[in-house]
Amino acid sequence: MCDPHTREPKMPLKSSPGPIGRRRPRRGLAATAAFAFAAATALGTGPAAADVTAAARVDNPYAGASVYVNPEWSDKARADGGSAIANQPTFVWLDRIAAINGVNGGRGLRSHLDNAVSQAGGRPMVVQFVIYNLPGRDCSALASNGELGPDDLPRYKTEYIDPIAAIMGDSKYANLRIVTVIEIDSLPNLVTNVGSRPTATAACDRMLQNGNYVNGVGYALAKLGAIGNVYNYIDAAHHGWIGWDDNFNASATLFAQAARASGSTVNNVTGFISNTANYGVLKEDNFTINDNVNGTSVRQSKWVDWNRYVDELSFAQAFRTQLISAGFPSNIGMLIDTSRNGWGGAQRPTGKGPTTSVDAYVDGGRYDRRIHLGNWCNQSGAGIGERPKASPAAGIDAYVWAKPPGESDGASREIPNDEGKGFDRMCDPTYSGNPRNNNNMSGALADAPLSGHWFSAQFRQLVANAYPRL
């Protein structure tokens with residue numbers, strides 16, 4: 001459950017995204033409704049299937065709804081010093097076929113949905129899942145390559161998506177608002193890690209050529225989008241991946257292609273999610289993309305490196321406008337994963353950096369303390385970010401915790417396993433990098449377990465460095 005932030009350094013281009021568009025008025029509940037959180041334990045017995053009446057579809061599923069708290073994650077968080085956040089809602093990751101029915105004694109999809117019905121107690125309830133098992137998954141990384149080979153699209157359809165759709169479509173769950181994040185770390189790779197770019201990989205070239213990422217995403221959207229109470233959000237990478245001009249427009253165009261593949265249409269897409277399982281700061285306060293230091297643009301700093309964006313909020317709002325221009329409905333919304341982008345603690349800057357040089361100015365003021373924007377695995381010094389919240393900004397449906405804090409991005413050494421998870425050197429703290437992070441040190445924590453497994457040392461650091469503070 002890593003996410004390979006990859007891009008090729010470019011000189012500045014003249015094109016730039018347009019201004020942030022206005023959301024069209026909500027069709028459903030008010031966007032400013034309170035975002036209540038469900039208790040970690042069941043609140044009562046849910047209604048029988050025969051008694052369920054399908055809830056009316058809403059524009060923003062998070063508005064006016066409680067959000068499901070995964071009791072398995074909650075118990076781990078509470079046991080590891082995280083009582084202050086143990087009641088927060090997190091996504092459930094369906095990262096292999098076996099996860100549909102539950103692995104290692106854990107809950108499966110149906111069990112989580114049953115528990116969500118109980119937590120809801122008849123009130124509006126969002127329950128959140130990451131759909132994550134494409135053939136040839138994570139073509140530019142190894143930490144979570146997955147169980148399906150590059151040409152296993154038929155298995156993806158019949159053994160993975162079809163059973164998920166059958167369970168989610170059960171009438172007894174019709175009053176839940178089921179939010180799905182569709183296949184992180186897939187489509188952006190087909191823009192940034194192919195062809196003649198230094199960041200290209202043979203695996204990504206293959207997935208571009210065989211079309212199984214595009215067709216797999218389209219199939220998932222079509223099957224799940226046919227269920228009236230399922231709300232699909234496609235992974236939209238993050239500002240440090242597709243914020244550059246040569247990646248920005250091309251990604252939106254590719255996403256629109258995938259949304260129309262395998263019988264799907266753009267109407268199966270409720271919105272997009274930025275920063276999934278990543279560390280990009282929500283908002284940089286100490287500098288903007290328009291700042292100059294002694295006549296030198298911030299864009300020329302080593303950290304920004306000609307990017308158009310310096311944080312996730314500005315990127316998500318601008319990319320939403322670009323997606324609409326690419327053909328998506330004008331009322332799509334964005335989610336931002338804020339589970340690990342707080343960057344608090346003693347290292348958090350309290351003001352602007354010195355103006356001795358543009359690099360000193362940016363590096364001295366930036367909240368994001370990573371060595372390089374391309375570093376994605378178990379980042380040292382990270383902290384929990386904004387708590388989940390509905391409608392926090394224009395165009396944003398919610399801040400969410402897509403990556404449950406405490407779940408590893410990947411092992412820091414090779415660990416034999418039957419989960420389809422390889423060893424990626426970006427998770428090794430001694431690794432000195434590759435073109436996808438401009439040959440910098442990885443910045444990863446030591447002694448990390450396999451991706452998705454509980455990483456106690458990381459969790460405790462995330463809690464200690466939370467911002468806003470717990």
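Over the ring of which residue does the charged end of Arg-348 sit? The ring is that of Tyr-467, and the charged end of Arg-348 lies 3.5 Å from its centre. A second contact of this kind involves Arg-57. Its charged end sits over the ring of Tyr-231, 4.0 Å from the ring centre. These values come from a predicted model.

The protein chain has 470 residues. Its secondary structure comprises 11 helices and 11 strands. Of the residues, 61% count as buried. The accessible surface comes to about 16600 Å². Carbon and sulfur atoms contribute 50% of that surface. Contacts were also examined by sequence separation. Among those with a separation of 6 or more, 80% join residues 24 or more positions apart.

Aromatic pairs were counted next. The count comes to 13 aromatic pairs. A pair of aromatic rings is described by the distance of the centres and the angle of the planes. For Phe-248 and Phe-319, the ring centres are 5.1 Å apart and the planes stand at 70°. An angle over 60 degrees counts as edge-to-face, so the pair of Phe-248 and Phe-319 is edge-to-face. The pair links distant parts of the chain. Phe-248 belongs to helix H8, residues 245–259, and Phe-319 to helix H9, residues 312–325. The two are 71 residues apart. Phe-248 has a relative accessible area of 2% and is buried. Phe-319 is buried too, at 0% relative accessibility.

A further pair consists of Phe-255 and Phe-272. Here the ring centres lie 5.9 Å apart, with the planes at 25°. Planes under 30 degrees apart count as stacked, so the pair of Phe-255 and Phe-272 is stacked. Phe-255 lies in helix H8, whereas Phe-272 lies in strand S6, residues 271–274. The pair therefore ties together parts that are 17 residues apart in sequence. Phe-255 has a relative accessible area of 0%. This value falls under the 20% limit, so Phe-255 is buried. Phe-272 also counts as buried, at 0% relative accessibility.

Both pairs fall within one aromatic cluster. Its members are Phe-248, Phe-255, Phe-272, Tyr-309, Phe-315, Phe-319 and Phe-328.

Technical notes
Residues are numbered from 1 along each chain as its sequence is written. This is a predicted model: local features need pLDDT of at least 70, side-chain atom pairs count only at pLDDT 80 or more; totals for chains, interfaces and linings use all residues. Side-chain values use heavy atoms; hydrogens and water are left out. Helices (H or I, at least four residues) and strands (E, at least two) are DSSP runs, numbered from the N terminus. Buried means under 20% relative accessible area, exposed over 50%, partly exposed in between (1.4 Å probe, protein chains only). Contact means heavy atoms within 4.5 Å. Accessible areas come from the Shrake-Rupley method with a 1.4 Å probe; for residues, only the protein chains shown count as cover. Rings of Phe, Tyr and Trp (its six-membered ring) pair if their centres lie within 6.5 Å; planes under 30 degrees apart count as stacked, over 60 as edge-to-face and the rest as tilted. A charge sits over a ring if NZ of Lys or CZ of Arg is within 6 Å of the ring centre and within 35 degrees of the ring normal.
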